[in-house]
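Please look over the sequence and the 3D structure shown here before reading the report that accompanies them.

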Amino acid sequence: MASKINEAHEHIAKAEKNLKTSMTKWKPDFDSAASEYAKAAVCFKNAKQFEQAKDAYLKEAEYHTENKALFHAAKAIEQAGMMMKDLKKMPEAIQYIEKASMIYVENGTPDTAAMALDRAGKLIEPVSLEKAVDLYQQAAGVFENEDRLRQSAELLGKASRLLVRLRRLDEAATALQKEKNMYKDIENYPTCFKKTTAQVLVHLHRNDFVAADKCVRESYSLPGYSGSEDCVAMETLLQGYDEQDEDQVHRVCNSALLKYMDNDYAKLAISLKVPGGGAKKKTAKPPQGGAGAPAASAEDDDDYEGGLC
């Protein structure tokens, strides 16, 4: 470890030498200085001296910037962020990665910016779901601006799920609609079906039956949706919800189709309650042959034929 630290300081000394000017050297050699700081950063990193590694990466970025090498500057700043991650300083780590992503965009490499933001979102999720949502939405916006709709929709999907987990259901509903529209634009209709189901669950948890019903009706225009397993399940769910039939709602929400959705939506399904609802129950019949016992109507038999729902 000591040898790596010494090696790092040797690279820093070389970098400082490259920055000096003289009568015969009018301009600092920023490129060489950046290279030496990059080597120093790696040495510090290998020696587990993450704070010093971060400082070296920032120096590397500074001299790449002086040399107009913005892509390499952004890479160095992103690495500085990773050093903060290793130090368990997640807010600082995310700040550096966000800064790097902005430089990537300025440099004309938006894909790299979006991927950096995606990585940052994954890093911060265990610490702050709210910040992860923000990062995924930023990344989705970058991809959307580049007409990379599939990648944008995937990142919006991550944000939507976290919004559900945070119970920010109004925002989740908006994000899901945007996500679904993107999948429709790229003609990924089976995924649109799944997003419709997610929308229905979110809207019912918002106590907005009208919005849930509208999502299903609008999806009839999607090729293959009408009559599909997803469509039938949602029609059955909405009917049960509207009629306050808890048995029917429970049966749909605990079906394999919904239980094997992404975990956050599956939890919405199994926790869905019908406001004021009650399970349909078969009316108890009086003892056979009892005096004055009314005969069961044919209508009653038809309603509950086959037992309880």
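## Basis of the model

This is a predicted model, in which local features need pLDDT of at least 70 and side-chain atom pairs count only at pLDDT 80 or more, while totals for chains, interfaces and linings use all residues. Residues are numbered from 1 along each chain as its sequence is written, and side-chain values use heavy atoms, with hydrogens and water left out.

## The chain as a whole

The secondary structure comes to 16 helices and 0 strands, where helices (H or I, at least four residues) and strands (E, at least two) are DSSP runs numbered from the N terminus. Among contacts (heavy atoms within 4.5 Å) with a separation of 6 or more, 56% are between residues 24 or more positions apart.

Of the 309 residues, 42% count as buried, a term that means under 20% relative accessible area, whereas exposed means over 50% and partly exposed lies in between (1.4 Å probe, protein chains only). The accessible surface, which comes from the Shrake-Rupley method with a 1.4 Å probe, is about 16600 Å², and 50% of that surface belongs to carbon and sulfur atoms.

## Two loop residues with positive phi

Most residues other than glycine have a negative phi. Glu-187, however, has a positive phi of about 60° although it is not a glycine, and this residue lies in the loop between α9 (169-185) and α10 (189-205). Glu-187 counts as exposed because its relative accessibility is 57%.

Asn-207, in the loop between α10 and α11 (209-219), is also not a glycine and has a positive phi near 60°. With a relative accessibility of 59%, Asn-207 counts as exposed.
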